[in-house]
Amino acid sequence: MTERITIRCRENGPLVLPANFAIVDHLGNEFTLPQGKEVIALCRCGNSKNKPFCDGQHKQVGFQAAEAAVKPDRTGGCETTSGGH
Ligand code: FES
């Protein structure tokens with residue numbers, strides 16, 4: 001069974017995940033992961049000069065992303081943040 005990993009969405013920043021994965025390009029060639037890191041940050045702002053990895057450009061461009069996962073309510077539906085409808 002494959003270990004389940006958690007990918008964290010940093011507020012206004014990259015996706016961060018444990019460095020025990022492989023990432024390949026559209027031709028199937030593997031990118032070399034940054035060495036000596038326990039976690040890897042993947043760009044989600046589109047401005048990195050070292051895609052698919054984050055190089056910190058998201059700060060320079062003022063990338064905004066603060067989505068939050070919707071928690072299911074106890075009845076199996078979706079929790080609402082406003083009065084609901
Ligand atoms: S998320 Fe960091 S450079 Fe894009």
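Of the 85 residues of the protein chain, what percentage count as buried? Please then describe in detail the loop between strand 3 and helix 1, in which Ser48 is found.

Author: This is a predicted model, in which local features need pLDDT of at least 70 and side-chain atom pairs count only at pLDDT 80 or more, while totals for chains, interfaces and linings use all residues. Residues are numbered from 1 along each chain as its sequence is written, and side-chain values use heavy atoms, with hydrogens and water left out.

Of the 85 residues, 20% count as buried. Buried here means under 20% relative accessible area, exposed means over 50%, and partly exposed lies in between (1.4 Å probe, protein chains only). The protein chain exposes about 7000 Å², of which carbon and sulfur atoms supply 50%; these areas come from the Shrake-Rupley method with a 1.4 Å probe, and for residues only the protein chains shown count as cover.

The chain has one helix and three strands, and from the N terminus on its elements run β-β-β-α. Helices (H or I, at least four residues) and strands (E, at least two) are DSSP runs, numbered from the N terminus. The strands form an open antiparallel sheet in the order 1-2-3. Its edge strands are strand 1 (8–9) and strand 3 (39–42), each of which pairs on one side only. Two strands pair if DSSP finds at least two bridges between them; strand 2 (residues 15–18) and strand 3 pair over four bridges. Within this pairing, Pro18 has Val39 of strand 3 as its bridge partner.

The requested loop lies between strand 3 and helix 1 (57–61). Ser48 is found there and counts as buried, at 5% relative accessibility. The side chain of Ser48 reaches the backbone oxygen of Phe53 at 2.5 Å. This is a polar contact, that is, a pair of N or O atoms within 3.5 Å; within protein, one must be able to donate a hydrogen and the other to accept it, and residues adjacent in sequence count only if both atoms are side-chain atoms. Not counting residues up to four places away in sequence, Ser48 touches Cys43, Phe53, Cys54, Asp55 and Gln57, where contact means heavy atoms within 4.5 Å.

Pro52 is also found in this loop. A cis peptide bond joins Lys51 and Pro52, with omega about 10°.

Phe53 is likewise buried, at 6% relative accessibility. The structure holds one aromatic pair. The rings of Phe31 and Phe53 have their centres 6.2 Å apart and their planes at 90°, so the pair is edge-to-face. By definition, rings of Phe, Tyr and Trp (its six-membered ring) pair if their centres lie within 6.5 Å; planes under 30 degrees apart count as stacked, over 60 as edge-to-face and the rest as tilted. Because Phe31 lies in the loop between strand 2 and strand 3 and Phe53 in the loop between strand 3 and helix 1, the pair ties together parts that are 22 residues apart in sequence. Phe31 is partly exposed, with a relative accessible area of 28%.

Phe53 also belongs to the largest nonpolar core, whose seven residues include Leu17, Ile40 and Leu42. Such a core is a set of buried Ala, Val, Leu, Ile, Met, Phe, Trp, Tyr and Cys residues joined through side-chain atoms within 4.5 Å. Not counting residues up to four places away in sequence, Ile40 touches Phe53, and among its other contacts are Leu17, Phe21 and Leu33.
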